[in-house]
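Please read this briefing with the sequence and the structure side by side, and locate each named residue as you come to it. The points are grouped by topic.

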Amino acid sequence: MQETLNYINENKQRFVDELFELLRIPSISADPAYKNDVLKCADVCADHLRNAGADNVEICETKGYPIVFGEKIFDKSLPTVLVYGHYDVQPADPLELWTKPPFEPYIEKTELHPEGAIFARGAADDKGQFFMHLKAFEAMMRTNTLPCNVKFILEGEEEVGSVSLGDFVNENKEKLSCDCILISDTHIYSNEQPTVTTGLRGLSYVEVEVEGPNRDLHSGLYGGAVPNPIHVLSRMIANLIDENGHITIDGFYDNVEVVSDADRTEMNKLKDNPEEFKKSIGLSNIEGEKGYTTLERASIRPTLDCNGIWGGYTGEGAKTVIPSKAFAKISMRLVPYQTPEEITEKFTKYFEKIAPDTVKVKVTPHHGGMPYVLQSDTKEFLAAKKAMETAFGKEVLPYRSGGSIPITSMFEKVLGAKSVLMGFGLDSDAIHSPNEHYGLFNFYKGIESIPLFFENYSK
């Protein structure tokens, strides 16, 4: 491994320069205006795979954006690791909150990143993280130290729900056959306390509509005499969570996993610091479900959040109207044994139940995903734990994350392989927000850890 590490150290600056090239491409899958940029990004990813030493590199067409595939199979008697990543990124809005343009990457030192952090949309989610795998693979190929077979699958629709990935995986089971899946699209607890993610929450995402009068009305002529859909919707949303942070939807907690006291004690070894947590996001106080720590609320408990609400006039100046309709987007994070289908159905019935008879309501389901758990006694977890302990020189703990990667459960169902969630970002990296960034320390530690994972897993 020393020869591999030497190669990595000798090429650090080039790795960053090449990542900058990737970050300059605004591969925003949610906006059709950036279609050509997304396609260009797929081409660049394919070129990097070829240059690193992958065989059979393909840009595979789907109903949406293409999937980039490559592999290196040199001994079928050895295990095969499938590396997953995504080359699409979130929209950069609001642009005015970025210190510098989001697709002009630069490095700047911060309190958490004294060695410097790469600032750009996609730096941490997920270009910087999947690029670690391409560079680690290159290092193993150049030093003739790749200990097992490897396949790569890079998609361009993760930020819009991976709408084409399921069909592609089902149609290409043999092409994608593997013994485990390695994903870096999560974060560690901190640089001082590295972790391997052992759990992710699932997701049910819906849009709601409340309709009142048959047209927008003059608020002077009609105000006080008719229902205002914005008022009604606001009251309905407020009633979805009670004063104890408990979600009021009928049957919402029926199938929630009961985490043992022993497991709760283990996860709280991460030493949750409420004061640091509040400071990091600019709050004077925090809230959540009664009876649980902040760590538990954000990982092993289900949640409900309003992600956006609108209606009526929101332009410049004044327009005194009572809107005909009001809308909101609502996400529910799910824990093991809850399913998106079950929760979406329960939400819809409850939302219709609490609506007053003065309005009509409509619930439109969007995408969802299943929760995922990787037990901490599996060979996959232990290979990742040992790799990161070698790279960081510190004990690595298991960590249940609150985010969602719905494809993990799909991969397990279709390919019969467990996903190892070996991410290296921090939760302060501002993914999906202005000024997204990724520490150079984390980027390099990832490249160093990945060959160690391959070595450990192969053994």
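This is a predicted model: local features need pLDDT of at least 70, side-chain atom pairs count only at pLDDT 80 or more; totals for chains, interfaces and linings use all residues.

Asn144 sits in the loop that runs between α4 and β6 (149–155), and although Asn144 is not a glycine, its phi is positive, at about 55 degrees.

**Backbone features in loops**

- Besides the positive phi of about 55 degrees at Asn144, there is a cis peptide bond joining Asp125 and Asp126, for which omega is about 5 degrees.
- Asp126 belongs to the loop between β5 (117–119) and α4 (127–142), while Asn144 belongs to the loop between α4 and β6 (149–155).
- The peptide bond that leads from Asp93 to Pro94 is also cis, with omega near -5 degrees, and Pro94 is placed in the loop between β3 (80–86) and β4 (106–108).

**Salt bridges**

- The structure as a whole holds 24 salt bridges, and one of the pairs that meet in this way is formed by the side chains of Glu138 and Lys135, with a distance of 2.7 Å from N to O.
- Both Glu138 and Lys135 lie in helix α4, where they are three residues apart, or about one turn of the helix.

- The protein chain is divided into domain 1, made of residues 1–200 + 371–458, and domain 2, made of residues 202–256 + 302–369.
- The C-alpha centres of these two domains, domain 1 and domain 2, lie 36 Å apart, and nine residues of domain 1 are in contact with 10 residues of domain 2.
- About 630 Å² of area is buried between domain 1 and domain 2, and carbon and sulfur atoms give 64% of that area.
- On the side of domain 1, the residues that lose the most area to domain 2 are Pro371, Ser404 and Pro406, which together make up 66% of what that side buries.
- Which kinds of polar pairing are found across the interface of domain 1 and domain 2? The rule for salt bridges finds zero there, whereas two residue pairs are in polar contact, both at pLDDT 80 or more.
- Sorted by class, the side of domain 1 that touches domain 2 has four nonpolar, four polar and one charged residues.

**An annotated region**

- In an unreviewed entry, UniProt lists residues 199–357 under the name "domain: Peptidase M20 dimerisation".

Notes: Residues are numbered from 1 along each chain as its sequence is written. Side-chain values use heavy atoms; hydrogens and water are left out. UniProt positions are given in the numbering used here, feature names are shortened, and annotations may be inferred rather than shown by experiment. Domain bounds come from an automatic or database domain assignment. Contact means heavy atoms within 4.5 Å. Buried area is the accessible area (1.4 Å probe) that two parts lose on being put together, summed over both. A salt bridge is a side-chain nitrogen of Lys or Arg within 4 Å of a carboxyl oxygen of Asp or Glu. A polar contact is a pair of N or O atoms within 3.5 Å; within protein, one must be able to donate a hydrogen and the other to accept it, and residues adjacent in sequence count only if both atoms are side-chain atoms. Ala, Val, Leu, Ile, Met, Phe, Trp, Tyr, Cys and Pro count as nonpolar, Asp, Glu, Lys and Arg as charged, and the others, Gly among them, as polar. Helices (H or I, at least four residues) and strands (E, at least two) are DSSP runs, numbered from the N terminus.
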